Amino acid sequence: MRGFPKNQMALIASAICLAAAFFALDLALPLGVAGGVPYVALVLLGWWFDRPRYLVLLGAVATALTIAGYYFSAEGGIEWMVLANRALAFFAIWITVGLLVKAKSSENALRIAHSELEQRAEALRESEARYARAVSGTNDGLWDWDIRTGENYRSPRWEEIVGYGPGELEPVRQALIDLIHPDDRKRVLDAARAHLDERVPYDLEFRLRHKSGEYVWARSRGQAIWDAGGKPLRMAGSLTDITRRKRAEEQIQKLNETLERRVEERTSELRAAQDALLRKERLATLGQLTGTVAHELRNPLGTIANAINVIGHKCASAEPDLEKTLERAERSIKRCDTIVTELLDFARAKGLQREPTVVDAWLAGILEEQHIPEAVTVTRDFQADAAAVAFDRDELRRAVINLVDNACQAMIGREKLGDAGIGGELTLSTRMNGERVEIAVADSGPGIPAAVLPQVLEPLFSTKTFGTGLGLPTVQQIMEAHGGGLEITSREHCGTKVVLWLPLEQLREAGVSV
Amino acid sequence: MTTGSSGSRLLIVDDDEDFGDSLAEALEMHGHEVDTTTSGEDGIAAAGRTNYDAILMDVALPGLNGVDSLLAILETNPETRCFLMTGYSADHLAARAIEAGAIEVLTKPLDPDELARRLAAIRAGDG
């Protein structure tokens, strides 16, 4: 840019010198013929000034000097020639001024336009640089679709996302469509159409086929421009590789499902445990209640029994027919009492008194004492050798006798043991089975139907014509109190086998000797 | 009906009056002479007045329980046969009685005929 003050000063100084020189020359020449023309040179000097106005100023100065020269020049010369000369000089000066002013203005305008252009170019470079930075920062691919020609520009990063190198993909729209997953194709095309026709924002996720054959997930966003008539001209946007995000989403989903499933499982486990606990509590309360009730029933039953006894004695001679009647009454009272006993047994929680006992010998002893109906044959199969386990003898005795009674009843088919009936085979066996000692009571009775089998261990379940059905549950209680258990196998018409087992740790704990 | 002389002199202590009376009646059928009271304290008092051959006492009594009552009676009447009646053999009081040694435990329900024979044996000196 021209026109620093320093230059300006130099120019002004030169102008003054030149003007003075020309004027002096003008005065020196008598004719003044050449007097006017040098002043044009002064005007020419104005070209180097930055403003057109200086040209006008110089023109005015030159004009003034021309006129002054006429008056101050030496005498001589032809008047009309001198005047004509001055007039011509006048003419030349102002033509020059005019031309130079015009040229100067154009030059200035050009200069301004040029600098503006430079600024714009600079801004553009800056913008491009910023853009390039942004693009490299986002790691997105770029695309630019010329809708009229079908040409589709894709940035190297775009192509990299689908695993292609530069030039491997044709820059046409169809190449893109071929890469879209078949299931997603319609959706993508519909979305593009919706954007172009209805200006619905274009932003969707779909799968593209990577060069390797696998599919990657991508998010494409774009914007179209329309001409004045609403016809779409171009559309451009970005492509983001979201495969990782999608995989993470899938994982989260799976984890969620797993978590939900686990929560459900845990909840139903908890619920089951809760139910079991509630049942136990209820049974415990029931047990306490039955204990109290049973106790209270004992005395009145006793009174009735005594009264019947007395009646029997008193009427023995007078009314012999009463015998059967009274027997029936007595039997019923005994039944009631058995039930009371069962209830009390079930209800109580007795501490166990464990004594190391040789199982086989002990069991043999029980069989000896127990009354077995004649119709029942007993088979002994004792294979526990000299194994001794610490258990509460009274409790186990009750358990075994309960099973033996059940077995005999099943086979005899009558309430009152001792009568001859159908008969059958009772097998008592013992054996060591891994970590357990097992005592089994098997009968050849009618067995328990499969539908009924799960219920036999339910308290108060009973298919006998009398009884509370507390026998088996009580036996199970006893076994479980010892840390053991009870197993029933039965098939209809084939008999029933109940196995009582005790854990053998007792053996080691008790430090047993035979 | 047998005469009173071949039977024993018995005392029944039970807070259930009906039970006590019914048992007494049943035992009387066998010729025993039976008194009844309904509390441990009354039982001790009665034993103080009469020298019973045997006393049948219920374990659960209002006031002083059966075991302690019998033990008290045994101090003044060591010859008396003491029986503790209980509805449940697992009773802890019954266990105490057994430990004490001098008391026999009878589990309800009692068979009156069986009991009568047993008590007759006492009188006869076989106790």
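## Aromatic pairs

Over all chains, the structure holds three aromatic pairs; rings of Phe, Tyr and Trp (its six-membered ring) pair if their centres lie within 6.5 Å, and planes under 30 degrees apart count as stacked, over 60 as edge-to-face and the rest as tilted. Select Trp143(A) and Tyr202(A): this aromatic pair is edge-to-face, with 6.1 Å from centre to centre and 75 degrees between the planes. The pair links distant parts of the chain, 59 residues apart, since Trp143(A) lies in strand 1 (residues 141–146) of chain A and Tyr202(A) in strand 3 (residues 202–209) of chain A. Helices (H or I, at least four residues) and strands (E, at least two) are DSSP runs, numbered from the N terminus. Trp143(A) and Tyr202(A) are both buried, where buried means under 20% relative accessible area, exposed over 50%, and partly exposed in between (1.4 Å probe, protein chains only).

Before continuing, note that this is a predicted model, in which local features need pLDDT of at least 70, side-chain atom pairs count only at pLDDT 80 or more, and totals for chains, interfaces and linings use all residues. Residues are numbered from 1 along each chain as its sequence is written, chains are lettered from A and ligands numbered from 1 in the order in which they are written, and side-chain values use heavy atoms, with hydrogens and water left out.

Next, select Trp362(A) and Phe391(A). Their ring centres are 4.8 Å apart and their planes stand at 65 degrees, so this pair is edge-to-face. Trp362(A) belongs to helix 10 (residues 359–369) of chain A and Phe391(A) to strand 8 (residues 388–392) of chain A, so the pair ties together parts that are 29 residues apart in sequence. Is Trp362(A) buried or exposed? Trp362(A) is buried, because its relative accessible area is 13%. Phe391(A) is likewise buried, with a relative accessible area of 0%.

## Salt bridges in chain A

Over all chains, the structure holds 35 salt bridges (a side-chain nitrogen of Lys or Arg within 4 Å of a carboxyl oxygen of Asp or Glu). Begin with Glu369(A) and Arg397(A), whose side chains meet in a salt bridge at 3.1 Å, N to O. Glu369(A) is in helix 10 of chain A and Arg397(A) is in helix 11 (residues 393–412) of chain A; the pair links distant parts of the chain, 28 residues apart. Glu369(A) counts as exposed because its relative accessibility is 57%, whereas Arg397(A) is partly exposed, at 33%.

Now select Asp184(A) and Arg207(A), which form a salt bridge of 2.8 Å, N to O. This pair also links distant parts of the chain: Asp184(A) lies in helix 7 (residues 182–198) of chain A and Arg207(A) in strand 3 of chain A, 23 residues apart. Asp184(A) is buried, with a relative accessible area of 3%.

For a network of salt bridges, select Glu205(A), Arg245(A), Lys246(A) and Glu249(A), which are linked in this way.

## A stop in helix 4

Select Thr96(A), which is found in helix 4 (residues 79–138) of chain A. Thr96(A) counts as buried because its relative accessibility is 14%. Which backbone oxygen does the side chain of Thr96(A) reach? The side chain of Thr96(A) reaches the backbone oxygen of Ala92(A) at 2.5 Å. Leaving aside neighbours within four places in sequence, Thr96(A) is in contact (heavy atoms within 4.5 Å) with Val40(A), Val43(A) and Leu44(A).

Glu126(A) counts as partly exposed because its relative accessibility is 36%.

## The interface of chains A and B

Finally, display chain B together with chain A. The contact takes 18 residues from chain B and 16 residues from chain A. About 1,500 Å² is buried between chain B and chain A, and carbon and sulfur atoms give 57% of this area; buried area is the accessible area (1.4 Å probe) that two parts lose on being put together, summed over both.

How many salt bridges are counted between chain B and chain A? The count is one salt bridge. Select Glu25(B) and Lys314(A) to see a salt bridge whose closest N and O atoms are 3.2 Å apart.

On the side of chain B that touches chain A, the elements that give two or more residues are helix 1 (17–28) and helix 5 (112–123) of chain B. Helix 1 of chain B provides the largest share of that side, six residues. The residues of the side of chain B that touches chain A divide into nine nonpolar, three polar and six charged. Here Ala, Val, Leu, Ile, Met, Phe, Trp, Tyr, Cys and Pro count as nonpolar, Asp, Glu, Lys and Arg as charged, and the others, Gly among them, as polar.

How values were computed. Polar contact = N/O pair within 3.5 Å; in protein donor to acceptor, adjacent residues only side chain to side chain.
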